[in-house]
Amino acid sequence: MAIRFDVPHQIGAEEARRRLYAQAEARGVTVDPDATRSNDPLAGEVEHSTPVGKVRVRFLIQEAAIDVEVIKKPSFAPSALMKSEMEKRLRDLLA
């Protein structure tokens, strides 16, 4: 089961991109091109280690929201908990 959700914001696509990439760099996280949209600078993928295992997320930054899809997660990690935690962190980052 894929986890998909949108995180609304009011800062525009370029500012959201700037903040997202700055935070990733500050945390030593590499943002890879989205394999399905490799030429789109507003699309990407991030893999991050968590206490329960690795999570890989694909995203598309739009003018008023970031579309998020979890494409890899530990099988035993509750989807609802992962979604709510990611939504909270992205909302805080974009605030």
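How many aromatic pairs does the structure hold? The structure holds 1 aromatic pair.

## The aromatic pair

The partners are Y21 and F59. Their rings sit 6.5 Å apart, centre to centre, with 80 degrees between the planes, and the pair is edge-to-face. Rings of Phe, Tyr and Trp (its six-membered ring) pair if their centres lie within 6.5 Å; planes under 30 degrees apart count as stacked, over 60 as edge-to-face and the rest as tilted.

The pair links distant parts of the chain. Y21 belongs to helix α1 (residues 13-26) and F59 to strand β4 (residues 53-61), 38 residues apart. Y21 is partly exposed at 23% relative accessible area. F59 counts as buried at 5%. Buried means under 20% relative accessible area, exposed over 50%, and partly exposed in between (1.4 Å probe, protein chains only).

## Model and conventions

This is a predicted model: local features need pLDDT of at least 70, side-chain atom pairs count only at pLDDT 80 or more, and totals for chains, interfaces and linings use all residues. Residues are numbered from 1 along each chain as its sequence is written, and side-chain values use heavy atoms, with hydrogens and water left out.

## Overall fold

The protein has 2 helices and 5 strands. Along the sequence they follow the pattern β-α-β-β-β-β-α. The radius of gyration is 13 Å, close to the 12 Å that the globule rule gives for 95 residues, so the protein is as compact as a globular protein of that length. Helices (H or I, at least four residues) and strands (E, at least two) are DSSP runs, numbered from the N terminus. The radius is taken over C-alpha atoms, and the globule rule is 2.2 Å times the number of residues to the power 0.38.

The C-alpha atoms fill a box of roughly 35 × 25 × 25 Å along the principal axes. Of the 95 residues, 39% count as buried. Among contacts with a separation of 6 or more, 48% come from residues 24 or more positions apart. Contact means heavy atoms within 4.5 Å.

## Surface and charge

The protein exposes about 5900 Å², and carbon and sulfur atoms supply 52% of that area. Areas come from the Shrake-Rupley method with a 1.4 Å probe.

There are 15 positive and 15 negative side chains. The centres of the two sets lie 5 Å apart. Lys and Arg count as positive and Asp and Glu as negative; His and the chain ends are not counted. Each charge is placed at NZ of Lys, CZ of Arg, CG of Asp or CD of Glu.

E45 is found in strand β3, and V46 is in strand β3 (residues 43-50). E45 counts as buried at 6% relative accessibility. V46 counts as buried at 18%. Beyond four places in sequence, E45 touches residues including V31, D32, P33, F59 and I71. Its C-alpha lies 5.7 Å from that of V31, 14 residues apart along the chain.

E69 is found in strand β5 (residues 65-72). At 17% relative accessibility, E69 counts as buried. Outside its four-place neighbours, E69 touches A2, I3, R4, R56, V57 and R58.

## An exposed loop residue

G28 lies in the loop between α1 and β2 (31-33). G28 is exposed, with a relative accessible area of 65%. The C-alpha atoms of G28 and M82 are 21 Å apart, across 54 residues of chain.
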